[in-house]
Amino acid sequence: MATARMRSFNRISVAFAVLLTVLNTGKCDEQVPLMLWTSEGISLPSQSPPSAGHIVGREQLGSYLEKALNVGPRNVLLFLQDKMSLEDFTMYGGAFGNKQDSAFPNLEGALMSSPSPLVLPAVSWPASNAVIGQLQDQLETSPLYMDPETLSQLKLNASSPALLVFRLPYGTGADLMSAKEILSGNDEVIGQVLSIMKIQSVPYTAIYTALQPSREAASLSLEAGLGGGRSLLQAKGGYRERERERERQRKIKEKAGIYAPVEFKEGDNTCILLWATNLSVSILRDGRWEGHDLTPSTFGEGINPKLHGSSCDQTKARLVLSYEGVLGHRNFKLIFAMSQSLYKVSARRWFTLDAVELEYDGTKATFNGSRNIYAPAEYSYRCESVTSFRWPALIPYSSKDPANQWRVSFEDFQIQGFNVTGSDFSYASDCAGFFTPGIWMGLMTSLLMVLVLTYGLHMIMQLRTMDRFDDPKGPAISVPQTE
């Protein structure tokens, strides 16, 4: 028993050593770590970790996951943090011997108790973004977004695969303590989930990773001089140069939109463009909403969405995105139907998003968007948030339409179905009106102050001065008094 624990301890020590090595050799702002482990007593086939400095891509990550799930439990717990980088473990993980100050005691305990943990220190963050889609394809089941309270009421079956996703936040800003407290809270969530699984005696495979690197943590660690190894001997000027280069690369990526939009071509010409940071759908089942994120299957490096059935001409455009295994539906389609026409009042052509349709297993749910989603025909349309439930821009066609059982949400949504030039969007017509709530509040406050000022001036102008004065040398003024 002591020998097994010593081997496990050595394995974890090597894993954290690899984390530190990659921290000094890799580009921390372009990769995220990923940890995989199983419940106690369940071993996975031995998989050699990547060499130091090697960045795991999408295909290699899929190979790791496939080997693990072919043998290991198919009840998968995916702890998906908003942001995470290697610096989080060096700054808050007690990596320099101070384990009492570690923000990850439950994570370290889980890795220590697992017979065969797998630590990938450097995974390209586009690959980590696609981990939900890869797990969904291998398990052939839809993800369920959970929290510990919901999990405690859920009865899992060891023989049926399940993909349970736990979203974890990440602290932003310059407050180091707040970031550590949030990471500690995330570790407590991991501990609660693992405890519930242990109580239910359900074997599991757990994965902990993030959607993108935490650049805040990277810059803070460099400024604090906590990079480790020979980086401590480098001058601050080197840090500043490296930070400026990373900031420049970040701005280039943000300007480019990080990933290309969905592009449908008719012949050699592009006629429809679609882009969003999040495409998600939810369905109401047994009194609660079950959600599914379509973004990893639509956008990203190496992603080629199925556009069969799409079409476009001078007056109508139709973009069809086909998926598999969405919320238990084998075939699922997300359809954007657009049209353009001439409006004589404005003497110009406008396009409208007539409908957003969901087709699944022979059923069609239709949302009407023509009332709120429109733009000049030569422009693209953009909106920070397009939903069917929160300040809805998409409305079910009727009270009996199946769309009443669905919710759709598009974040940073941009679409163009006409007059597309090349592979870039035209000038965007934004959904935000000119008179925002702040402008209205300013106007109303100014109007109230003008009214008060006008009333005061009016009262001052109504004051009457005396037109006769008492002369001490003359007769006294006699003011008759009458009853």
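Asp286 is exposed, with a relative accessible area of 82%; exposed means over 50%, buried under 20% and partly exposed in between, using a 1.4 Å probe and protein chains only. This residue sits in the loop between β9 and β10 (288-293). Although Asp286 is not a glycine, its phi is positive, at about 55°.

The model is a predicted one, in which local features need pLDDT of at least 70 and side-chain atom pairs count only at pLDDT 80 or more, while totals for chains, interfaces and linings use all residues. Residues are numbered from 1 along each chain as its sequence is written, and side-chain values use heavy atoms, with hydrogens and water left out.

**Chain totals**

The chain has 11 helices and 20 strands. These are DSSP runs numbered from the N terminus, with helices being H or I of at least four residues and strands E of at least two. Of the 483 residues in the chain, 43% are buried. The accessible surface is about 26,400 Å², and carbon and sulfur atoms hold 55% of that area; the areas come from the Shrake-Rupley method with a 1.4 Å probe, and for residues only the protein chains shown count as cover. Among contacts (heavy atoms within 4.5 Å) with a separation of 6 or more, 69% join residues 24 or more positions apart.

**Helices α2 and α6**

The axes of α2 (residues 58-71) and α6 (residues 131-139) come within 10 Å and cross at roughly 40°. Axes are lines fitted to C-alpha atoms, for helices over the stretch in contact, and angles run from 0 to 180 degrees between N-to-C directions. The two helices are therefore oblique to each other, given that angles under 35 degrees count as roughly parallel, over 145 as roughly antiparallel, 65 to 115 as roughly perpendicular and the rest as oblique. From α2 the contact uses Arg58, Leu61, Gly62, Leu65, Glu66 and Leu69, and from α6 it uses Val131, Gln134, Leu135, Gln138 and Leu139. By class this contact has 6 nonpolar, 3 polar and 2 charged residues; Ala, Val, Leu, Ile, Met, Phe, Trp, Tyr, Cys and Pro count as nonpolar, Asp, Glu, Lys and Arg as charged, and the others, Gly among them, as polar.

Gln134, in helix α6, touches Arg58, Leu61, Gly62 and Leu65, leaving aside neighbours within four places in sequence. Its C-alpha atom is 6.6 Å from that of Gly62, 72 residues away along the chain.

**Buried positions**

| Residue | Location | Relative accessible area |
|---|---|---|
| Ser116 | loop between α4 (105-113) and β3 (118-124) | 16% |
| Gln134 | helix α6 | 10% |
| Val281 | strand β9 (residues 278-285) | 0% |
| Leu327 | loop between β12 (316-326) and β13 (329-343) | 1% |

Ser116 is in contact with Leu36, Thr38, Ile42, Ser43 and Leu44, not counting residues up to four places away in sequence. With neighbours within four places in sequence left aside, the contacts of Val281 include Glu290, His292, Val326, Leu327, Phe332 and Trp406. Val408 also touches Val281; the two are 127 residues apart in sequence and 4.5 Å apart in space, C-alpha to C-alpha. Leu327 is not a glycine, yet it has a positive phi of about 55°.
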